Number of protein chains: 2
Amino acid sequence: MNDDEFAQLGKDARAASKVLRQTDRATKDKALLAAAKAICANASAILAANAEDLKAARDLTAALRDRLMLDDKRVEAMAKGLEDIAALPDPVGRELARWQRPNGLDIARISTPIGVIGIVYESRPNVTADAGALCLKSGNAVILRGGSESLRSSAAIHAALVKGLRAAGLPEASIQLVPTTDRAAVGEMLKGLDGAIDLIIPRGGKSLVARVQEEARVPVLAHLEGICHVYIHAKADLAKARAIAVNAKMRRTGVCGAAETILIDRAILKSHGVPILEDLAKAGCEIRGDDAVRAAFPSAKAATEEDWRMEYLDAIVSVRAVDGIDDAIRHIETYGSQHTEAIVTEDTRAAEHFLAALDSAIVLWNASTQFADGGEFGMGAEIGIGTGKLHARGPVGVEQLTTFRYVVRGTGQIRP
Amino acid sequence: MNDDEFAQLGKDARAASKVLRQTDRATKDKALLAAAKAICANASAILAANAEDLKAARDLTAALRDRLMLDDKRVEAMAKGLEDIAALPDPVGRELARWQRPNGLDIARISTPIGVIGIVYESRPNVTADAGALCLKSGNAVILRGGSESLRSSAAIHAALVKGLRAAGLPEASIQLVPTTDRAAVGEMLKGLDGAIDLIIPRGGKSLVARVQEEARVPVLAHLEGICHVYIHAKADLAKARAIAVNAKMRRTGVCGAAETILIDRAILKSHGVPILEDLAKAGCEIRGDDAVRAAFPSAKAATEEDWRMEYLDAIVSVRAVDGIDDAIRHIETYGSQHTEAIVTEDTRAAEHFLAALDSAIVLWNASTQFADGGEFGMGAEIGIGTGKLHARGPVGVEQLTTFRYVVRGTGQIRP
């Protein structure tokens, strides 16, 4: 694509966003449901495109091939995802606050779409459907730039989304897919396409996110990393501690809310630590402990300083003995990524201290860190988890894809 | 300053921010009130420092000298500003939302400070006090980098703020002033001081803001420009239209909420347009009109295409005749900066159409655009007006200087 084509992409998105921000819920939902139907009706074309992508991508690792791969079940899940998003309440036009001023001015803060969102993602082709649908529901035009290895699959899915837009009479440019595998396309998007892009959301590994944060000249809503902790306090209930530790670490090791480090009060290393580590080892988890942990649980490997900073995303856990809650908090502040941390305790004061002291996007008491998820929060689908401080922290659902504006109604007021 | 000194600045701010985010309201207010007293007690030192700044700044224009200049009244106003900020409710720890999940999880969204804010500003030394106080009240540590021409004044004001911090037992690094006029200091801040800065807020002219947006590697909350419009609809009440047009343009021409363009329905160009333009001319405003406006009001100069894009910040107004509300909306979308726009009309349907159609941070019906101000919105003081789409639009007060986190309370839940 040349410069003019990129500029046109931006202009078309901007024009579509002006239509979308005033589109009512019924029309947006109609497009989403029609797109879901089109995905089912075109399942064989989508699978055929995916087979070509897989054929061309022989050099990928097994894990990456699995991410790229679609089958009947995954295509069905994509269509179901669109239906679920259609069922969500309209995030646009909500009255977030309203108040009157002494001079009679009536001020309302109203949710409104952000405008044009650029999404840069890697190999999972289903992001095409999820991200397209979440942006549409929130009234935003979106420019999607998927991984080059999944371009054929994404194009087939995108064609189904466009059918949905057409069925509802919405502009086709509401959801655009950059039709090139040229890496320069990402650079153009990060520069903002001449002011056409309001927000960039990267979805992918650390190196993609780092490139986006380095190069972007427009705001970025990014997920960096989830070094999540479970702290087993001296007053923890043993059964809860065992269940939460194993679930937080092992339910799915590859998600950002998976625990990477377990901190255990030194006083209960034998009573609680050993059974927890036995459970984890039985579940297939490699354990890396400090000296105290290895003394109590000799089969643990030695943890190094690096282990405390590692996002394993794998069946490995680092375990450290701590001297009480403030030592645990200090460890989390030093090594954590302010994503999600849990405390297990029956002591309310200790729990509230932990919940207040940590500045992580999500802090939990007696619950698994794997609840760090938009669906589990009741937000419906999510486009990811924000680890920055601005605009939205934690799960980013359709509400978080909106911004607000002020509507002020007067009767002729002028400012003294 | 060398690299190590910059890094230390960031580390000290980060350490202070950890204390501040858990500091209660009474302690923050104590620091603010003590700082207000210290400003009054040290007024002569502040004025002496300001006199030195003024002496060294002979090359400045009269307008810039006026911005730089402090007198007894301005020093008093600064102290009063700190007291007003102390009187605001605590923006930290508010429960923004709370809900229960079917599995029993209790989820609360709680406001929390952003962390460390970097503020880069130009010649007004009072920003040192305002910005320092707003950040303190919102529980953020702040690194201030004022204009080099006002460094002595800012240092004297900063000394008073530090006295306030000390009186309340808060870390002195809660409010730091970069003690150098080296332009490289701004560059270091924009790079984020090794991850220590969470947000940069530039306060100043277009060239400063442009530099910040180009160079910043951390999120920016910026005010770009306010090309604000007043649209006089065919059904406008003449008295309201005259009062609002003159107030919006002429109350203070240098503020961002000042109107720059007036749009008038062609049908009422004689009945409404002429008296409005007569009022403006009488108030000392230069009028630049399109052909229709000049035909009705011959003393108007000719407006060029550039005039529609100009933020005069001066006693000049561009005036255009439009063919109804959709033509007015089209003009504003084409030339506006999405800051603040007003419609004057007695027709409710027309007003609601205008309020819904425009994606500006603030839209008003029958009220002056000069209400675009945190104080007028009832937010207390403001650090500026955000013209971006993310995090906060419109007036940025203490609430907008917070972010949020999720506090989740469970009873042993694990994720299926």
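The expected span of a helix is taken as 1.5 Å times one less than its number of residues. Helices (H or I, at least four residues) and strands (E, at least two) are DSSP runs, numbered from the N terminus. This is a predicted model, in which local features need pLDDT of at least 70 and side-chain atom pairs count only at pLDDT 80 or more, while totals for chains, interfaces and linings use all residues. Residues are numbered from 1 along each chain as its sequence is written, and chains are lettered from A and ligands numbered from 1 in the order in which they are written.

**Helix 3 of chain B**

- Helix 3 (residues 43–56) of chain B has 14 residues and reaches 20 Å from its first C-alpha to its last, close to the expected 20 Å.
- Its buried residues (20 or more other C-beta atoms within 10 Å of their own, C-beta atoms being placed from the backbone) are Ile46(B), Ala49(B), Asn50(B) and Asp53(B).
- Seen down the axis of helix 3 of chain B, these buried residues fall within an arc of 100°, so they line one face of the helix; the arc is that of the directions from the helix axis to the C-beta atoms.
- Ser44(B) and Lys55(B) are exposed residues on the face turned away from the buried side of helix 3 of chain B, exposed meaning 12 or fewer such C-beta atoms.
- The buried residues of helix 3 pack against helix 2 (25–41), helix 4 (62–68), helix 5 (72–87) and helix 7 (151–167) of chain B.

**Open sheet of chain B**

- Four strands of chain B form an open sheet with parallel pairing, in the order 5-4-3-6; two strands pair if DSSP finds at least two bridges between them.
- The edge strands, each pairing on one side only, are strand 5 (175–177) and strand 6 (199–203) of chain B.
- Strand 4 (residues 141–145) of chain B is joined to strand 5 of chain B by three bridges, and Ile143(B) stands opposite Gln176(B).

**Contact between chains A and B**

- In chain B, 54 residues are in contact with 54 residues of chain A, contact meaning that C-beta atoms, placed from the backbone, lie within 7 Å.
- Strand 16 of chain B gives the most to the side of chain B that touches chain A, with 11 residues.
- Strand 13 (residues 362–367) of chain A pairs with strand 16 of chain B in the parallel sense over five bridges.
- Within strand 16 of chain B, Tyr406(B) stands opposite Ile362(A).

Terms used: Two residues are in contact if their C-beta atoms, placed from the backbone, lie within 7 Å.
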